[in-house]
Amino acid sequence: MKKAIIFVDANNWYHNIKNYFNPSDVEINKLAILLAEKFNFQIVEIRWYASMPSIKDGELMYKRHRAWLGELGKKGVKIITRKLQRLSNKDILQKKSAIINNLDLCENCNPLVESVFLDLADIKKKEKGIDIWIAVDMLNLSILENKCDVCVLISGDTDFIPALNIIKNKKKEILTSMTPLGYSTELREKFPYFILTKEILTKCLKDYGKDKKLEEK
């Protein structure tokens with residue numbers, strides 16, 4: 001049976017899963033088992049790549065995030081973290097401008113929106129090196145160290161395509177998986193994929209199946 005390592009882009013996971021459920025209620029271990037059964041591979045490892053907020057961003061949020069990562073670790077998930085970097089004032093202004101421009105507002109509306117545009121938390125911060133770290137690890141573990149036959153990427157981000165192309169050219173298999181709204185069309189066109197529908201995610205919820213088991217007892 002082919003060996004697979006699952007690489008989870010936690011930021012991409014969070015922002016897409018929250019459209020359906022609280023991301024912490026969906027168990028990555030259950031999804032991994034589901035994928036392994038469907039595609040007939042053996043899971044060698046689940047790797048969770050996440051940015052780590054600073055305690056300055058809020059002690060409660062910081063502690064909750066640490067606790068959540070701790071729970072994943074207890075379930076055998078390997079946690080890889082990077083500190084969240086703050087954007088400079090120049091970067092913030094540029095990102096604000098890009099977002100406002102994408103709204104395609106009229107000449108009268110544009111200055112009004114710009115004048116009241118709030119400093120959203122996710123605009124002030126950016127991930128530093130998470131995508132690169134995932135890409136490098138996929139290349140190292142699949143090609144250089146030959147620890148897996150299949151790289152399973154839980155992300156819908158196009159940034160991974162160059163690394164995935166190299167892995168594919170080295171005769172290793174690729175599988176990507178994400179929800180439909182957060183899934184790059186280009187990623188699906190180039191590599192085998194599995195869409196995480198609401199029905200699939202429901203089967204991966206923490207409490208899924210518990211009521212049924214109680215009824216059977």
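Leaving aside neighbours within four places in sequence, which residues is alanine 4 in contact with? In this predicted model, the list runs to Phe41, Gln42, Ile43, Val44, Glu45, Cys148, Val150 and Val152. Alanine 4 itself sits in strand 1, which covers residues 2–9. With a relative accessibility of 0%, alanine 4 counts as buried, because anything under 20% falls in that class. Then there is alanine 36, which comes 32 residues away from alanine 4 along the chain, yet the two C-alpha atoms are separated by 8.3 Å.

Alanine 36 brings us to helix 2, where it is one of the buried residues, along with Ile28, Asn29, Leu31, Ala32, Leu34 and Leu35. The length of helix 2 also checks out: its 12 residues should span 16 Å at 1.5 Å a residue, and because the end C-alpha atoms are 16 Å apart, the two values agree. Asparagine 40 belongs to the loop that links helix 2 (28–39) to strand 2 (41–52). Most residues other than glycine have a negative phi, and asparagine 40, which is not a glycine, has a positive one.

Helix 1, made up of residues 10–17, has its own buried set: Ala10, Asn12, Trp13, Asn16 and Ile17. Looking down the axis of helix 1, these buried residues fall within an arc of 160°, so they line one face of the helix. As a general point, an α-helix has 3.6 residues a turn, so residues three or four places apart point the same way.

The loop between strand 7 and helix 9 is where threonine 179 lies. Is threonine 179 buried or exposed? Its relative accessibility is 0%, so threonine 179 counts as buried.

Strand 7 is mostly covered too, with 5 of its 6 residues buried. On one hand, strand 7 runs parallel to strand 6 (residues 150–154), and 5 bridges join the pair. Together, strand 6, helix 8 and strand 7 form a β-α-β unit of the right-handed kind. On the other hand, strand 7 pairs with strand 8 (residues 193–195), again in the parallel sense, over 3 bridges. Here methionine 178 has isoleucine 195 of strand 8 as its bridge partner. The chain gets from strand 7 to strand 8 by way of helix 9 (residues 185–190), in a β-α-β crossover that is right-handed.

Lysine 171 is found in the loop between helix 8 (161–169) and strand 7 (173–178). Its phi is positive, near 70°, in a residue other than glycine. How accessible is lysine 171, and is it buried or exposed? The relative accessibility of lysine 171 is 74%, and since exposed means over 50%, this residue counts as exposed.

Note on methods: Residues are numbered from 1 along each chain as its sequence is written. This is a predicted model: local features need pLDDT of at least 70, side-chain atom pairs count only at pLDDT 80 or more; totals for chains, interfaces and linings use all residues. Side-chain values use heavy atoms; hydrogens and water are left out. Helices (H or I, at least four residues) and strands (E, at least two) are DSSP runs, numbered from the N terminus. Buried means under 20% relative accessible area, exposed over 50%, partly exposed in between (1.4 Å probe, protein chains only). The expected span of a helix is 1.5 Å times one less than its number of residues. Contact means heavy atoms within 4.5 Å. Two strands pair if DSSP finds at least two bridges between them. A crossover is right-handed if, with the strands pointing away from the viewer, the path from the first strand over the helix to the second runs clockwise. The arc is that of the directions from the helix axis to the C-beta atoms.
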